[in-house]
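Q: Can you walk me through this one? I'd like to start with the strands and then look at charged pairs.

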Amino acid sequence: MDATLQKVKEYLFKQETWEQFGLIFLKVIVILLLTAIAVRVGKHIIQKIFLVRQKSPLAYSERRQTTLMKLLQNILSYVVYFSAIIAILSTFDIKVTGLLAGAGILGLAVGFGAQSLVKDVITGFFIVFEDQFAVGDQVQIGTANGIVQEIGLRTTKVKSYTGELHIIPNGSILVVINYSIYNSLALIDISVASETDIPTLEENIQEFLKELPIKYEELVKPPSFLGVQSFDATQIVVRITAETIPTKQMGVARKVRRDLKEFLEQKGIKIS
Amino acid sequence: MDATLQKVKEYLFKQETWEQFGLIFLKVIVILLLTAIAVRVGKHIIQKIFLVRQKSPLAYSERRQTTLMKLLQNILSYVVYFSAIIAILSTFDIKVTGLLAGAGILGLAVGFGAQSLVKDVITGFFIVFEDQFAVGDQVQIGTANGIVQEIGLRTTKVKSYTGELHIIPNGSILVVINYSIYNSLALIDISVASETDIPTLEENIQEFLKELPIKYEELVKPPSFLGVQSFDATQIVVRITAETIPTKQMGVARKVRRDLKEFLEQKGIKIS
Amino acid sequence: MDATLQKVKEYLFKQETWEQFGLIFLKVIVILLLTAIAVRVGKHIIQKIFLVRQKSPLAYSERRQTTLMKLLQNILSYVVYFSAIIAILSTFDIKVTGLLAGAGILGLAVGFGAQSLVKDVITGFFIVFEDQFAVGDQVQIGTANGIVQEIGLRTTKVKSYTGELHIIPNGSILVVINYSIYNSLALIDISVASETDIPTLEENIQEFLKELPIKYEELVKPPSFLGVQSFDATQIVVRITAETIPTKQMGVARKVRRDLKEFLEQKGIKIS
Amino acid sequence: MDATLQKVKEYLFKQETWEQFGLIFLKVIVILLLTAIAVRVGKHIIQKIFLVRQKSPLAYSERRQTTLMKLLQNILSYVVYFSAIIAILSTFDIKVTGLLAGAGILGLAVGFGAQSLVKDVITGFFIVFEDQFAVGDQVQIGTANGIVQEIGLRTTKVKSYTGELHIIPNGSILVVINYSIYNSLALIDISVASETDIPTLEENIQEFLKELPIKYEELVKPPSFLGVQSFDATQIVVRITAETIPTKQMGVARKVRRDLKEFLEQKGIKIS
Amino acid sequence: MDATLQKVKEYLFKQETWEQFGLIFLKVIVILLLTAIAVRVGKHIIQKIFLVRQKSPLAYSERRQTTLMKLLQNILSYVVYFSAIIAILSTFDIKVTGLLAGAGILGLAVGFGAQSLVKDVITGFFIVFEDQFAVGDQVQIGTANGIVQEIGLRTTKVKSYTGELHIIPNGSILVVINYSIYNSLALIDISVASETDIPTLEENIQEFLKELPIKYEELVKPPSFLGVQSFDATQIVVRITAETIPTKQMGVARKVRRDLKEFLEQKGIKIS
Amino acid sequence: MDATLQKVKEYLFKQETWEQFGLIFLKVIVILLLTAIAVRVGKHIIQKIFLVRQKSPLAYSERRQTTLMKLLQNILSYVVYFSAIIAILSTFDIKVTGLLAGAGILGLAVGFGAQSLVKDVITGFFIVFEDQFAVGDQVQIGTANGIVQEIGLRTTKVKSYTGELHIIPNGSILVVINYSIYNSLALIDISVASETDIPTLEENIQEFLKELPIKYEELVKPPSFLGVQSFDATQIVVRITAETIPTKQMGVARKVRRDLKEFLEQKGIKIS
Amino acid sequence: MDATLQKVKEYLFKQETWEQFGLIFLKVIVILLLTAIAVRVGKHIIQKIFLVRQKSPLAYSERRQTTLMKLLQNILSYVVYFSAIIAILSTFDIKVTGLLAGAGILGLAVGFGAQSLVKDVITGFFIVFEDQFAVGDQVQIGTANGIVQEIGLRTTKVKSYTGELHIIPNGSILVVINYSIYNSLALIDISVASETDIPTLEENIQEFLKELPIKYEELVKPPSFLGVQSFDATQIVVRITAETIPTKQMGVARKVRRDLKEFLEQKGIKIS
């Protein structure tokens with residue numbers, strides 16, 4: 001112990017120590033500078049390549065382009081930053097690869113602790129590979145519902161309608177609901193008074209539905225009248241379904257409901 | 001460190017370096033081209049083979065055909081893309097198989113992290129092998145309810161009635177509810193005023209049910225009247241069951257309910 | 001890389017290559033044919049053996065027969081199909097057993113990923129072995145409630161009353177509720193107005209219950225009157241229990257409730 | 001491949017093959033016969049031994065007897081059937097012990113997959129060993145509530161009041177609630193109108209409780225009046241507790257509640 | 001196979017076999033006898049030692065005594081019974097220790113399956129060691145709430161107020177709520193009509209609270225009036241808190257609430 | 001077996017055996033005595049050292065002092081008791097360290113079973129190290145809410161407001177909510193009749209809030225009026241926020257609410 | 001044993017023992033002193049460096065600065081404290097690295113028990129690395145919602161609006177919702193009487209919305225009127241959306257709702 005203290009004292013008051021410190025400090029700064037430049041230049045080059053590819057005959061769909069571009073930028077920054085960290089640790093004479101190869105209790109603990117990290121990367125890779133969803137799609141992942149902003153190596157970012165950014169580790173993504181692949185179906189339930197004559201009601205609604213596609217371009221085909229959904233002593237509920245382009249069903253339902261209300265009131269049918 | 005910097009500088013300013021870079025770039029482009037062609041041609045061939053088989057005496061049911069065709073296309077694209085990735089990594093002199101064989105902490109972490117991937121593939125294989133469900137079936141898997149679009153090696157795609165695409169990792173599929181194997185049973189509950197005479201009501205409903213099968217072709221056999229389900233001071237609830245062809249029970253129930261309402265009102269029985 | 005390309009070119013334009021391809025194609029077709037025949041013939045033989053056994057003095061209960069027959073057919077198809085897959089892979093010179101013996105990261109991942117498969121098979125074996133339930137029993141497993149259709153090596157199939165087929169991996173079967181082993185007990189609660197005299201009510205119900213067993217053959221013994229279950233300012237609830245043959249309690253309760261209503265109304269007791 | 005086909009053909013058309021098949025078939029039948037006999041005889045012997053022991057001075061409580069008898073019969077059938085399976089597999093020249101000793105990926109998967117089986121057996125052993133519950137006890141295990149029918153090596157069977165048989169893997173038994181060890185306590189809440197005078201009410205109830213033990217033999221000691229449980233603007237709720245012999249609290253509460261209602265109405269106290 | 005059968009036959013018809021069987025049977029009976037005696041005598045001795053210790057100056061608190069006595073008896077019966085089982089297995093020439101040392105698939109499965117058993121014992125040891133709760137304490141563990149009856153090596157037994165015995169594996173005990181360590185606090189909420197004058201109400205309640213400690217010995221100190229808890233258009237809710245000796249807060253709250261009602265009604269304040 | 005019995009008999013009737021037993025008994029008693037003394041003396045010394053440190057210039061905050069003192073006492077008792085157990089086991093010639101080093105099935109099971117114990121100790125260490133909470137803080141851990149009484153090596157003890165002691169294994173502590181670090185914010189919602197004029201209401205409340213800080217010292221700064229929180233046809237809800245010293249928000253809210261009610265009623269504004 | 005006691009006695013009464021104790025005590029105090037100084041000085045230096053960097057052209061965004069500064073201080077204290085602990089243990093001649101390298105049961109248990117600790121550190125590193133959230137952001141992590149105070153190596157601290165500090169282990173952070181990255185969207189629902197004329201209502205609201213941006217600077221662009229959200233017999237609900245700067249949507253919604261109420265009442269439209 002005392003010998004150690006003695007060595008520490010000697011070490012701290014020699015000039016070489018401080019020169020070495022200065023050198024390390026300089027190297028670290030240079031590495032940080034190079035890292036910052038490499039990341040910015042690399043990201044710029046990736047963006048350019050994708051702009052070129054977009055015009056070439058080999059181009060994928062535009063949807064995949066954005067996803068891949070963001071992913072490559074994400075991978076680039078990982079590679080550069082990790083190289084920088086290893087370089088910095090080397091200036092302090094710490095050998096990272098040796099640490100990783102070393103087994104024992106610590107190795108076991110790290111192996112177990114890192115498994116969710118590895119799972120994140122593997123799942124992330126397959127999400128992009130299988131084109132489960134792309135940047136710009138509207139998805140629901142667990143409780144997060146919104147537009148995909150970025151699919152990274154480890155996390156996926158989803159921006160909800162009200163502006164929150166959900167950052168989801170890829171490994172915890174199980175079931176994905178993608179709203180942007182197929183046309184959506186708007187379900188519009190209207191309840192009228194129970195004394196309404198059903199055949200008349202049906203005729204009126206059918207007449208109303210004929211005019212709709214002209215008014216709303218989000219509609220893929222004329223809505224269809226499904227029939228009486230339920231009835232009791234006070235009301236009859238009828239259902240209309242309307243196929244719209246992806247993710248527009250809420251807006252269409254809102255408009256159709258308002259129009260139908262006015263239409264039925266003109267026809268003298270009481271909404272309940 | 002300084003030596004390294006020196007080497008980096010030398011390496012960057014030699015002409016051979018840039019020629020090598022150009023060559024690698026070319027090779028990558030060629031590999032990408034071949035990959036794209038291989039996938040498209042392969043998928044086309046698989047589709048043709050299945051068209052031929054469909055007419056041969058050896059043909060499975062049509063239901064299995066679509067499932068197998070989509071699965072083979074899915075496996076093909078995996079095989080081709082992975083070959084491409086290994087080929088590209090080889091041009092950069094990275095040996096993938098060596099990485100996979102290497103043990104240590106990283107190996108442990110990867111082994112654990114990849115287990116859910118392996119589980120996905122094994123479960124996917126058994127889903128197809130055991131014919132749990134096929135492309136086109138209506139199923140419920142966890143909270144996802146809809147028509148199966150594709151059963152892949154790693155994920156199954158289910159499109160719900162309102163248009164969302166659910167992408168489910170095969171490994172997280174536990175209980176599967178398949179609606180398309182057996183005939184469905186529509187349960188139709190009608191509540192009438194409590195002062196209604198039950199025997200008269202039963203006679204009327206029996207009479208009504210006799211005419212039904214002629215009207216609706218989805219009905220497999222005449223619906224049967226089950227009896228009084230419950231009663232209290234204000235109403236009597238009776239239940240009718242109708243066996244329909246798979247997945248049509250909702251539509252049949254809707255129509256029978258509407259017809260029965262009109263029928264009972266004609267007979268002077270008050271619906272409550 | 002270039003050498004590889006050269007080899008690929010040579011390989012593709014030699015005649016031997018194509019002859020070999022043709023041969024492999026032929027072999028695969030023959031294997032598929034033999035597989036299809038083997039499965040059908042094998043399943044037929046199993047069915048015959050069980051028909052013979054059913055008449056022999058060694059026969060188990062009929063209930064076990066169907067279960068075992070379906071299970072043996074299920075095992076047969078697994079054995080035949082797996083043999084076929086290994087045979088096909090052999091024609092492509094892929095050694096499966098070698099793959100399975102190989103350790104390393106991949107082996108670890110497969111070992112972990114396959115554990116739920118192994119658990120399925122072990123649990124399935126014990127379900128049949130311990131006769132927990134048989135084909136034809138009404139059971140509840142998790143949220144699936146219905147008639148068992150098949151107990152396979154890996155999955156159990158349960159068909160619900162309304163026609164859905166639930167496919168449940170055996171390994172995820174924990175608590176099983178079997179409705180078909182013991183007689184069922186129908187609980188029939190009747191609520192009458194609070195001013196009703198309890199002793200009179202009891203006498204009337206006792207009288208009513210005496211006649212019941214003659215009317216309904218599902219009843220195992222005369223129902224018993226349990227007494228006042230609860231009461232408040234507006235109503236008195238009394239409970240009747242009736243032991244029926246397995247799974248018939250719902251139907252019996254429905255009929256008894258209707259009869260009792262008419263009976264009590266004749267006696268001038270108001271149902272609330 | 002062709003050589004293999006040739007060998008298969010030769011093998012199938014030689015007479016020895018068929019003689020060998022016949023022999024194996026015979027052996028299997030003999031093994032099955034012996035198994036069936038061994039199980040029946042063994043179970044009978046176990047039952048006899050327990051009948052003898054019951055009269056000997058060494059006898060445990062009767063409660064333990066039934067449990068142990070059923071468990072030994074269960075273990076016997078496991079041992080006999082497993083011996084039979086190994087014997088049958090031996091006739092096909094398959095060495096089971098060799099399979100179990102073999103390590104590798106398959107071994108890892110089996111080791112993991114079998115852990116819940118082992119856990120079942122260990123937990124089952126301790127349930128019997130620690131006398132947590134015995135055959136005939138009323139218990140609640142998870143959501144299953146009823147009378148224990150059998151405690152086996154791997155599963156416990158509980159029959160609910162309405163006749164369902166719950167089959168529970170021992171390993172998934174965590175907290176057990178046993179109703180048959182200690183006396184039960186019936187909680188009887190009576191709500192009277194808020195204008196009732198509390199001291200008078202207390203006196204009346206005390207008087208009523210004195211007579212009770214004579215009427216009901218399930219009561220262990222006279223019920224005690226706990227006091228006012230809660231009150232608001234419309235009602236006062238008082239609570240009575242009655243200690244009964246195990247599991248009889250529901251019946252006693254039902255009878256006491258009915259008697260108390262009549263008693264209080266005679267005394268002119270209004271039940272609300 | 002035939003040779004085996006021959007050997008079995010020879011073995012069964014030799015006299016030595018039956019003599020050996022008789023001997024084994026005798027030995028097993030002797031072992032069982034000794035076990036029964038050892039357990040009873042051992043438990044008696046432990047009880048005596050604790051009775052002696054209780055009077056010695058070295059004695060722990062009485063609370064710990066009962067816990068330790070029950071635990072030692074529990075451990076004793078484990079040790080004796082396990083010795084008996086190993087002795088019985090030895091008479092059948094089965095070597096248990098050899099089984100436990102043997103590795104392979106079975107060993108892996110047993111190692112995993114037994115981990116929850118080991119966890120039970122470790123946790124049980126620490127519960128007693130850290131004096132988390134003792135026999136006689138009122139505790140809540142998960143959903144089980146009641147008086148601790150026994151803390152064993154593997155399970156803890158808790159008897160609820162209504163008489164059920166909860167048997168909880170020690171390993172599944174996470175958070176323990178112990179009601180018997182500190183004094184309890186009774187929260188008494190009284191709601192009065194909203195037109196009540198708050199200062200007058202407060203004065204009255206303060207006056208009422210002064211007399212309380214004399215009446216109820218469970219009260220540790222005079223209850224304090226906390227103030228208006230909430231109010232709306234129809235009522236004002238005030239809260240009183242009363243510190244009582246452990247677990248007596250329910251009874252005290254019940255009595256205080258009834259007394260306060262009478263007191264306030266005498267003072268002309270309307271309870272709502 | 002007989003030989004063993006013979007040996008047991010010989011062993012039991014030799015005098016040396018009993019002398020040895022007496023010696024062991026004596027040693028155990030001496031060890032227990034020394035243990036009891038060591039724990040008491042050790043705990044006393046720790047307390048003294050902390051009293052001295054509290055006055056020294058090196059002293060940490062008082063909050064940390066109590067935490068560390070209790071922790072050191074906890075560690076001391078663990079160390080002493082474990083030494084005693086090992087010493088006692090040594091007198092019986094059982095080598096503990098040998099047991100711990102031995103591998104095999106038992107080792108695997110113990111390794112797995114003990115992992116939650118190790119996790120408890122590691123997490124406990126970091127809770128103290130990172131100063132997440134200290135003895136005396138009000139915290140919420142899972143469902144336990146109260147004042148921290150002790151942070152031990154394996155468990156943390158939290159006493160709730162109503163007197164229950166929650167004993168929580170450190171390893172099951174995930175999110176900790178600490179109420180004692182920052183000032184608390186009281187949210188006070190007041191609902192007034194919907195016909196109230198909002199500007200007048202605001203003025204009145206602002207006026208009321210100005211006087212508050214003088215009255216209540218728990219207030220850190222004057223409360224602020226947040227505005228109309230919600231409104232409908234019958235009422236307007238306004239919100240006031242008041243920053244108080246930690247954990248005093250409930251009491252302040254109760255007082256402010258009562259004062260505001262009186263104030264508004266004086267001003268003629270009706271509370272709904 | 002006796003020999004050991006003798007040795008203990010000799011050891012305790014030699015003078016050297018006490019001198020050694022004194023020396024160790026002194027060393028420990030010196031280490032503690034140096035530790036305290038090192039931590040304070042180190043934290044100060046880190047703060048200074050960041051102040052300098054903030055003005056340099058190399059500076060990151062200010063948001064990252066605070067996060068990194070706090071993280072580096074956190075890492076520093078870990079490194080210093082751990083060095084101190086190892087130094088103190090060395091004075092007692094305990095070799096920590098030897099303990100960590102030792103395998104066996106204990107090693108296995110520690111390896112498993114430490115995995116959640118390792119996971120915490122890995123996840124924490126990636127949270128900072130990927131800039132998921134920074135000190136000062138408003139986030140929701142699980143049930144904790146508030147402002148991030150510190151991102152440490154092992155835990156993240158979030159202060160909620162009402163003053164509670166949530167301390168969350170990094171490894172248990174799955175989905176993060178970050179409110180501070182994108183603009184927020186306020187959803188304002190207003191329900192009016194069902195007899196209101198919808199076109200008039202829309203005109204009025206549109207007129208009202210035009211004036212808003214001038215009044216509230218948190219508004220990013222003029223709010224938009226979305227239309228009729230739902231309607232029934234008693235009311236019509238219309239929705240307005242307003243984009244605000246991050247996290248200000250609640251305040252804006254509160255103000256807009258109050259203004260709109262006054263505006264509509266002036267226009268004679270009845271709020272329901």
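Predicted model: local features only at pLDDT ≥ 70, side-chain atom pairs only at ≥ 80, totals over all residues.

Q: Which residue stands opposite Gln140(E) in strand 5 of chain E?
A: Ile177(E) stands opposite Gln140(E).

Q: How many bridges are there between strand 1 of chain E and strand 2 of chain E?
A: There are 4 bridges, and the pairing is antiparallel. Strand 2 covers residues 144–151. In that strand, Gly146(E) faces Val139(E).

Q: How many residues sit between those two strands in the hairpin?
A: The hairpin of strand 1 and strand 2 of chain E has 2 residues between the strands. Gly142(E) is in the turn, with a positive phi of about 60°.

Q: Which side chains of strand 1 of chain E are buried?
A: Val139(E) and Ile141(E) are buried, and they point to one face.

Q: New topic. What is the strand order in the open sheet of chain E?
A: The order is 6-8-7, with 3 strands and antiparallel pairing. Strand 6 (184–193) and strand 7 (224–231) of chain E are at the edges. Each has a single partner strand, so one side of each has no neighbour in the sheet. On average, neighbouring strands in this sheet are turned by 25° against each other, direction ignored.

Q: How many bridges join strand 7 and strand 8 of chain E?
A: Strand 7 and strand 8 (residues 235–244) of chain E share 6 bridges, in the antiparallel sense. One pair of bridge partners is Ser224(E) and Thr241(E).

Q: Which strands does helix 8 of chain E touch?
A: Helix 8 (residues 249–266) of chain E packs on the sheet and touches strand 6 and strand 8 of chain E. Its direction makes about 25° with that of strand 6 of chain E.

Q: And what about helix 8 of chain F, where does it lie?
A: Helix 8 of chain F lies across strand 7 and strand 8 of chain E. It runs at about 60° to strand 7 of chain E.

Q: Now charges. How many salt bridges are there over all chains?
A: The count comes to 70. Side chains of opposite charge can pair when their charged atoms come close.

Q: Which residue does Asp120(C) pair with?
A: Asp120(C) forms a salt bridge with Arg154(C), and their closest N and O atoms are 3.1 Å apart. Asp120(C) is in helix 6 (residues 115–129) of chain C. Arg154(C) is in the loop between strand 2 (144–151) and strand 3 (155–159) of chain C, 34 residues apart from Asp120(C).

Q: Are those two buried or exposed?
A: Both Asp120(C) and Arg154(C) are buried.

Q: What about Asp189(F), which residue is its salt-bridge partner?
A: Asp189(F) pairs with Arg239(F), with the closest N and O atoms 2.9 Å apart. Asp189(F) is in strand 6 of chain F and Arg239(F) in strand 8 of chain F, so the pair ties together parts 50 residues apart in sequence.

Q: Why does Arg239(F) count as buried?
A: Arg239(F) has 17% relative accessibility, and buried means under 20%. Asp189(F) has a relative accessible area of 35%, so Asp189(F) is partly exposed.

Notes. Residues numbered from 1 in each chain as written. Chains lettered and ligands numbered in written order. Heavy atoms only, no water. Pairing = 2+ DSSP bridges. Axes fitted to C-alpha atoms, helices over the stretch in contact; angles between N-to-C directions. Contact = heavy atoms within 4.5 Å. Buried < 20%, exposed > 50% of the residue type's maximum accessible area, 1.4 Å probe, protein only. Salt bridge = Lys/Arg side-chain N within 4 Å of Asp/Glu carboxyl O.
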